[in-house]
Amino acid sequence: MILDLLDEILFPRCCACCSVEIESGFLCRDCRRGFLQMRSFPAIDFLDGGVSVFSYEREIKQAIHEIKFASDQRRLKQLAGEVEMLMQDVSVQNIIMKFSTDAGNLPLHDEHYNNCTVTSGPQRSSGCPIWCGVPTDPSRLRKRGFDIPSTLFSERAKEFGGIWKPVLCRTRKTLPMYGLKPEERVRNLKDCFAVTGDVGGKSVILVDDIFTTGTTFSAAAAALKKAGASSVKGLAFCSSLENLR
């Protein structure tokens, strides 16, 4: 903590995009709005659709690579700060709150997140929704020394009427997904997730750092649905725009 404080004093934090000095997070307010998308992604097999917060490009794409492949925990904390600040926005609060509590219903999106609306419908789940991260391969988790989904989202679950509860684990070692073809991704993740907690009749918000093809979200959702979850929706820190079209 002392080293982090000295680092902030000696090297003031700057926006990763425009280099203006900032107090916390990764981006300044203006650049944050440039990356913000709050877009829904479609239902895929067992996954009942989901929402992505930021676009996976330029500085954010570079940050994700630094976290995943260089174990840059400081960069991860900065992205977690982005989530914390963004969730203080009333418009975003409304979208995520409705998304997490209306089982099976997803936000409709416009070009700007302030124009987002949410459909309503009957509740299908019992109790508050479970927020759970997509589990990381154990060997990569040991190498990094930290878990990306929980760092980004675990502190946000309670704010939106949910409970953070890791109810998934990996049953075997898998290859990194980066660079794999779609069919290779499916084979890589086949039967690699297992449920470790009670999800019967529950709505689950499955969170991860990135949505690409949806294969990982879908494979994890399959395990949860087979264990009795009534609804499984995804919440990703970022995603590629081409994967949302």
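**A walk from the rings to the sheet**

The structure holds five aromatic pairs, where rings of Phe, Tyr and Trp (its six-membered ring) pair if their centres lie within 6.5 Å, and planes under 30 degrees apart count as stacked, over 60 as edge-to-face and the rest as tilted. Keep in mind that this is a predicted model, in which local features need pLDDT of at least 70, side-chain atom pairs count only at pLDDT 80 or more, and totals for chains, interfaces and linings use all residues. Residues are numbered from 1 along each chain as its sequence is written, and side-chain values use heavy atoms, with hydrogens and water left out.

Take Phe-41 and Phe-217, a tilted pair with 5.8 Å from centre to centre and 50° between the planes. Phe-41 sits in strand β1 and Phe-217 in helix α9 (residues 215-226), so the pair ties together parts that are 176 residues apart in sequence. (Helices, H or I of at least four residues, and strands, E of at least two, are DSSP runs numbered from the N terminus.) Phe-41 is buried at 1% relative accessibility, and Phe-217 is buried too, at 2%; buried means under 20% relative accessible area, exposed over 50% and partly exposed in between, with a 1.4 Å probe and protein chains only. Phe-41, Phe-211 and Phe-217 form one aromatic cluster.

Now for Trp-131 and Phe-160: their ring centres are 6.2 Å apart and their planes at 15°, so this pair is stacked. Trp-131 belongs to strand β5, while Phe-160 is in the loop between α7 (148-153) and β6, 29 residues apart. Trp-131 is buried, with a relative accessible area of 0%.

Those strands belong to an open sheet of six, ordered β1-β2-β10-β9-β5-β6 with mixed pairing; two strands pair if DSSP finds at least two bridges between them. At the edges are β1 (36-41) and β6 (163-164), each pairing on one side only. Strands β5 (residues 130-133) and β6 run parallel, joined by two bridges, and Ile-130 has Ile-163 as its bridge partner in β6.

On to the charges: the structure holds eight salt bridges, each a side-chain nitrogen of Lys or Arg within 4 Å of a carboxyl oxygen of Asp or Glu. Glu-57, Arg-58 and Glu-59 are linked in a network of them. The closest N and O atoms are 3.9 Å apart for Arg-58 and Glu-57, and 3.6 Å apart for Arg-58 and Glu-59. Elsewhere, Glu-159 meets Arg-156 at 2.8 Å, N to O; Glu-159 is partly exposed at 42%, whereas Arg-156 is buried at 8%.
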